[in-house]
Amino acid sequence: MTVEYIRYRVPDDRSVEFEAAYARAAVQLARSPQCVEYELTRCEEEAASYILRIVWTSTRDHLEGFRAGEEFTAFFAEIRPYVEMIEEMRHYAPTAVHGTGGSVPSLYTWAGGAKALGRLTEAFYAHVRVDEILAPVFAGMSPDHPAHVALWLGEVFGGPARYTDEHGGYPAMLAHHLDKAITEQQRRRWVSLLLDAADETGLPDDPEFRSAFVAYVEWGTRIALTNSQPGATPPRRAPVPRWGWGVAPPYQP
(Lines give C-alpha, C1' and ligand atoms only; values in the text may rest on other atoms or scores of the structure.)
Protein backbone atom coordinates (compact mmCIF):
# COMPACT_ATOMS: atom_id res chain seq x y z
CA MET A 1 0.00 0.00 0.00
CA THR A 2 0.98 3.62 -0.38
CA VAL A 3 -0.36 6.73 1.33
CA GLU A 4 -0.89 9.87 -0.71
CA TYR A 5 -0.94 13.20 1.11
CA ILE A 6 -2.21 16.34 -0.60
CA ARG A 7 -1.91 19.64 1.26
CA TYR A 8 -4.27 22.43 0.26
CA ARG A 9 -4.45 26.08 1.25
CA VAL A 10 -8.08 27.14 0.88
CA PRO A 11 -9.32 30.67 1.56
CA ASP A 12 -11.91 30.81 4.31
CA ASP A 13 -14.62 32.09 1.98
CA ARG A 14 -14.23 28.96 -0.19
CA SER A 15 -13.90 26.34 2.55
CA VAL A 16 -17.58 25.35 2.55
CA GLU A 17 -17.69 24.78 -1.20
CA PHE A 18 -14.31 23.00 -1.05
CA GLU A 19 -15.52 20.48 1.52
CA ALA A 20 -18.77 19.99 -0.37
CA ALA A 21 -16.85 19.31 -3.57
CA TYR A 22 -14.72 16.70 -1.88
CA ALA A 23 -17.79 15.08 -0.36
CA ARG A 24 -19.08 14.60 -3.90
CA ALA A 25 -15.69 13.54 -5.24
CA ALA A 26 -15.34 10.98 -2.45
CA VAL A 27 -18.14 8.95 -4.02
CA GLN A 28 -15.68 8.04 -6.77
CA LEU A 29 -12.97 7.14 -4.26
CA ALA A 30 -15.40 4.83 -2.49
CA ARG A 31 -16.10 3.08 -5.79
CA SER A 32 -12.47 2.77 -6.85
CA PRO A 33 -10.91 -0.70 -6.43
CA GLN A 34 -7.50 0.98 -6.07
CA CYS A 35 -8.58 3.08 -3.06
CA VAL A 36 -8.31 1.52 0.40
CA GLU A 37 -9.50 4.51 2.44
CA TYR A 38 -9.53 8.30 2.42
CA GLU A 39 -9.87 11.21 4.82
CA LEU A 40 -10.00 15.01 4.49
CA THR A 41 -8.83 16.92 7.57
CA ARG A 42 -8.66 20.62 8.39
CA CYS A 43 -5.96 22.24 10.50
CA GLU A 44 -7.18 23.49 13.87
CA GLU A 45 -4.40 26.07 14.25
CA GLU A 46 -4.56 27.35 10.67
CA ALA A 47 -8.02 26.88 9.18
CA ALA A 48 -6.90 27.50 5.59
CA SER A 49 -4.76 24.37 5.64
CA TYR A 50 -6.32 21.05 4.63
CA ILE A 51 -4.75 17.60 4.28
CA LEU A 52 -6.28 14.94 2.07
CA ARG A 53 -5.02 11.45 2.92
CA ILE A 54 -5.72 8.61 0.51
CA VAL A 55 -4.46 5.06 0.99
CA TRP A 56 -3.97 3.34 -2.37
CA THR A 57 -3.26 -0.32 -3.03
CA SER A 58 -0.01 0.89 -4.63
CA THR A 59 1.42 4.00 -6.25
CA ARG A 60 1.21 2.31 -9.63
CA ASP A 61 -2.43 1.39 -9.06
CA HIS A 62 -3.13 5.04 -8.28
CA LEU A 63 -1.28 6.56 -11.20
CA GLU A 64 -1.99 3.93 -13.86
CA GLY A 65 -5.20 2.42 -12.52
CA PHE A 66 -7.35 5.07 -10.88
CA ARG A 67 -6.19 7.95 -13.05
CA ALA A 68 -6.83 5.92 -16.19
CA GLY A 69 -10.24 4.72 -15.00
CA GLU A 70 -13.72 6.08 -15.31
CA GLU A 71 -13.93 7.10 -11.64
CA PHE A 72 -11.14 9.63 -12.08
CA THR A 73 -13.03 11.68 -14.66
CA ALA A 74 -15.93 12.32 -12.30
CA PHE A 75 -13.56 12.77 -9.34
CA PHE A 76 -11.44 15.36 -11.11
CA ALA A 77 -14.46 17.27 -12.37
CA GLU A 78 -15.36 18.04 -8.74
CA ILE A 79 -11.91 19.03 -7.50
CA ARG A 80 -10.58 20.79 -10.61
CA PRO A 81 -11.38 24.30 -9.27
CA TYR A 82 -9.09 23.66 -6.29
CA VAL A 83 -6.02 22.18 -8.00
CA GLU A 84 -4.30 25.56 -7.97
CA MET A 85 -4.60 25.55 -4.17
CA ILE A 86 -2.42 22.44 -3.80
CA GLU A 87 0.82 23.18 -1.93
CA GLU A 88 2.20 19.63 -1.85
CA MET A 89 1.23 16.22 -3.23
CA ARG A 90 3.35 13.13 -2.48
CA HIS A 91 3.20 9.36 -1.97
CA TYR A 92 4.54 7.75 1.19
CA ALA A 93 5.36 4.08 1.83
CA PRO A 94 4.50 2.65 5.27
CA THR A 95 7.36 1.66 7.56
CA ALA A 96 7.57 -0.95 10.31
CA VAL A 97 6.73 1.72 12.89
CA HIS A 98 3.00 1.58 13.51
CA GLY A 99 0.56 0.70 16.25
CA THR A 100 -2.32 1.96 18.32
CA GLY A 101 -2.33 4.25 21.32
CA GLY A 102 -3.68 3.66 24.77
CA SER A 103 -6.92 5.59 24.44
CA VAL A 104 -8.77 2.47 23.26
CA PRO A 105 -8.32 -0.63 25.44
CA SER A 106 -7.17 -3.82 23.76
CA LEU A 107 -9.59 -6.70 23.37
CA TYR A 108 -7.41 -8.51 25.93
CA THR A 109 -7.96 -5.79 28.52
CA TRP A 110 -11.66 -5.44 27.72
CA ALA A 111 -12.16 -9.21 28.03
CA GLY A 112 -10.70 -9.19 31.54
CA GLY A 113 -7.12 -10.24 30.87
CA ALA A 114 -5.43 -13.56 31.49
CA LYS A 115 -7.81 -14.75 34.21
CA ALA A 116 -10.91 -14.25 32.07
CA LEU A 117 -9.38 -16.03 29.08
CA GLY A 118 -8.19 -18.84 31.35
CA ARG A 119 -11.75 -19.34 32.62
CA LEU A 120 -13.00 -19.27 29.06
CA THR A 121 -10.70 -22.00 27.77
CA GLU A 122 -11.16 -24.22 30.84
CA ALA A 123 -14.93 -24.12 30.38
CA PHE A 124 -14.62 -24.59 26.64
CA TYR A 125 -12.40 -27.67 26.79
CA ALA A 126 -14.60 -29.17 29.50
CA HIS A 127 -17.32 -29.21 26.83
CA VAL A 128 -14.91 -30.43 24.16
CA ARG A 129 -13.90 -33.48 26.20
CA VAL A 130 -17.46 -34.84 26.19
CA ASP A 131 -18.61 -33.60 22.79
CA GLU A 132 -19.28 -36.41 20.31
CA ILE A 133 -17.90 -34.43 17.38
CA LEU A 134 -14.81 -32.85 18.96
CA ALA A 135 -13.79 -35.33 21.66
CA PRO A 136 -12.10 -37.69 19.15
CA VAL A 137 -10.08 -34.79 17.73
CA PHE A 138 -8.74 -33.88 21.19
CA ALA A 139 -8.42 -37.41 22.59
CA GLY A 140 -4.69 -36.97 23.26
CA MET A 141 -4.97 -33.42 24.56
CA SER A 142 -2.41 -32.38 27.17
CA PRO A 143 -3.82 -31.20 30.52
CA ASP A 144 -2.03 -27.90 29.84
CA HIS A 145 -3.68 -27.38 26.45
CA PRO A 146 -6.50 -25.08 27.70
CA ALA A 147 -3.95 -22.81 29.40
CA HIS A 148 -1.83 -22.69 26.25
CA VAL A 149 -4.83 -21.69 24.13
CA ALA A 150 -5.64 -18.97 26.66
CA LEU A 151 -2.12 -17.60 26.18
CA TRP A 152 -2.57 -17.69 22.41
CA LEU A 153 -5.86 -15.81 22.61
CA GLY A 154 -4.32 -13.32 25.02
CA GLU A 155 -1.48 -12.54 22.62
CA VAL A 156 -3.85 -12.33 19.64
CA PHE A 157 -6.13 -9.92 21.48
CA GLY A 158 -3.33 -7.52 22.39
CA GLY A 159 -1.98 -8.98 25.62
CA PRO A 160 1.59 -10.03 26.46
CA ALA A 161 3.43 -12.22 23.95
CA ARG A 162 3.58 -15.20 26.28
CA TYR A 163 2.57 -17.79 23.70
CA THR A 164 5.44 -16.68 21.49
CA ASP A 165 7.93 -16.49 24.36
CA GLU A 166 6.94 -19.73 26.09
CA HIS A 167 5.50 -21.98 23.37
CA GLY A 168 7.01 -21.02 20.01
CA GLY A 169 4.52 -18.58 18.50
CA TYR A 170 2.83 -19.11 15.16
CA PRO A 171 4.97 -22.08 14.00
CA ALA A 172 4.01 -24.01 17.12
CA MET A 173 0.30 -23.27 16.70
CA LEU A 174 0.47 -24.23 13.03
CA ALA A 175 2.09 -27.54 13.92
CA HIS A 176 -0.98 -28.46 15.98
CA HIS A 177 -3.17 -28.23 12.88
CA LEU A 178 -1.06 -29.74 10.09
CA ASP A 179 -2.55 -32.91 8.54
CA LYS A 180 -5.40 -33.03 11.07
CA ALA A 181 -8.00 -32.95 8.25
CA ILE A 182 -10.43 -30.80 10.25
CA THR A 183 -13.95 -30.94 8.83
CA GLU A 184 -16.40 -28.08 8.48
CA GLN A 185 -18.69 -29.81 10.99
CA GLN A 186 -15.85 -29.89 13.53
CA ARG A 187 -14.97 -26.26 12.87
CA ARG A 188 -18.54 -25.13 13.39
CA ARG A 189 -18.89 -27.13 16.60
CA TRP A 190 -15.62 -25.61 17.88
CA VAL A 191 -17.01 -22.12 17.24
CA SER A 192 -20.37 -22.93 18.81
CA LEU A 193 -18.89 -24.39 21.99
CA LEU A 194 -16.46 -21.50 22.40
CA LEU A 195 -19.28 -18.97 22.12
CA ASP A 196 -21.28 -20.95 24.66
CA ALA A 197 -18.27 -20.89 26.99
CA ALA A 198 -17.96 -17.13 26.52
CA ASP A 199 -21.52 -16.74 27.80
CA GLU A 200 -21.03 -19.19 30.65
CA THR A 201 -17.88 -17.52 31.94
CA GLY A 202 -19.18 -13.97 31.69
CA LEU A 203 -17.00 -12.66 28.88
CA PRO A 204 -18.18 -9.14 27.97
CA ASP A 205 -21.34 -9.35 25.89
CA ASP A 206 -21.46 -5.83 24.46
CA PRO A 207 -22.00 -5.91 20.69
CA GLU A 208 -18.66 -4.27 19.89
CA PHE A 209 -16.57 -6.80 21.81
CA ARG A 210 -18.55 -9.82 20.74
CA SER A 211 -18.47 -8.84 17.08
CA ALA A 212 -14.67 -8.56 17.23
CA PHE A 213 -14.39 -11.79 19.23
CA VAL A 214 -16.61 -13.75 16.84
CA ALA A 215 -14.80 -12.28 13.84
CA TYR A 216 -11.48 -13.62 15.10
CA VAL A 217 -12.96 -17.03 15.96
CA GLU A 218 -14.45 -17.34 12.48
CA TRP A 219 -11.27 -16.12 10.80
CA GLY A 220 -8.95 -18.27 12.87
CA THR A 221 -10.94 -21.48 12.60
CA ARG A 222 -11.35 -21.14 8.85
CA ILE A 223 -7.59 -20.72 8.45
CA ALA A 224 -7.00 -23.69 10.77
CA LEU A 225 -9.36 -25.81 8.67
CA THR A 226 -7.53 -24.89 5.46
CA ASN A 227 -4.10 -25.46 6.98
CA SER A 228 -5.13 -28.83 8.36
CA GLN A 229 -6.00 -30.44 5.04
CA PRO A 230 -3.66 -33.18 3.73
CA GLY A 231 -1.21 -31.70 1.26
CA ALA A 232 -1.70 -28.12 2.46
CA THR A 233 1.47 -26.02 2.37
CA PRO A 234 0.82 -22.94 4.53
CA PRO A 235 3.69 -20.57 5.37
CA ARG A 236 5.66 -22.17 8.20
CA ARG A 237 6.73 -18.87 9.75
CA ALA A 238 4.54 -15.84 10.38
CA PRO A 239 3.82 -13.48 13.27
CA VAL A 240 1.03 -14.20 15.70
CA PRO A 241 -1.99 -12.25 14.42
CA ARG A 242 -2.97 -9.19 16.41
CA TRP A 243 -6.72 -8.68 16.46
CA GLY A 244 -8.37 -5.35 17.20
CA TRP A 245 -11.78 -3.74 17.18
CA GLY A 246 -11.81 -2.96 13.47
CA VAL A 247 -12.60 -4.92 10.36
CA ALA A 248 -9.92 -7.01 8.67
CA PRO A 249 -9.31 -6.18 4.99
CA PRO A 250 -9.59 -8.96 2.42
CA TYR A 251 -6.59 -11.25 2.19
CA GLN A 252 -4.54 -10.66 -0.96
CA PRO A 253 -1.47 -12.93 -1.22
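Q: Asp 179: buried or exposed?
A: Asp 179 is exposed, at 58% relative accessible area. Exposed means over 50%, buried under 20%, and partly exposed in between, with a 1.4 Å probe and protein chains only.

Q: Where does Asp 179 lie?
A: In the loop between α8 (169–177) and α9 (184–200). Helices are DSSP runs of H or I with at least four residues, strands are E runs with at least two, and both are numbered from the N terminus.

Q: What is phi of Asp 179?
A: Near 60°, a positive value in a residue other than glycine. Most residues other than glycine have a negative phi.

Q: And Ala 181, what's its phi?
A: Phi of Ala 181 is near 50°, also positive and also not in a glycine. Ala 181 sits in the loop between α8 and α9. Ala 181 is partly exposed, with a relative accessible area of 34%.

Q: What kind of model is this?
A: A predicted one: local features need pLDDT of at least 70, side-chain atom pairs count only at pLDDT 80 or more, and totals for chains, interfaces and linings use all residues. Residues are numbered from 1 along each chain as its sequence is written, and side-chain values use heavy atoms, leaving out hydrogens and water.

Q: New topic. How many helices and strands are there?
A: The protein has 10 helices and 4 strands. From the N terminus, the order is β-α-β-β-α-α-β-α-α-α-α-α-α-α.

Q: How spread out is the protein?
A: Its radius of gyration is 24 Å, well over the 18 Å from the globule rule for 253 residues, so the protein is more spread out than a compact globule. That radius is taken over C-alpha atoms, and the rule is 2.2 Å times the number of residues to the power 0.38. Along the principal axes, the C-alpha atoms fill a box of roughly 70 × 40 × 30 Å.

Q: What share of residues is buried?
A: 38% of the 253 residues.

Q: What about α10, how far apart are its end C-alpha atoms?
A: They are 31 Å apart. Helix α10 covers residues 207–228, and its 22 residues should span 32 Å at 1.5 Å a residue, which agrees. The expected span is 1.5 Å times one less than the number of residues.

Q: Which residues of α10 are buried?
A: Among them are Phe 209, Phe 213, Tyr 216, Val 217 and Leu 225.

Q: What do the buried residues of α10 pack against?
A: α4 (107–111), α5 (113–128), α6 (145–156), α8 and α9. Contact here means heavy atoms within 4.5 Å.
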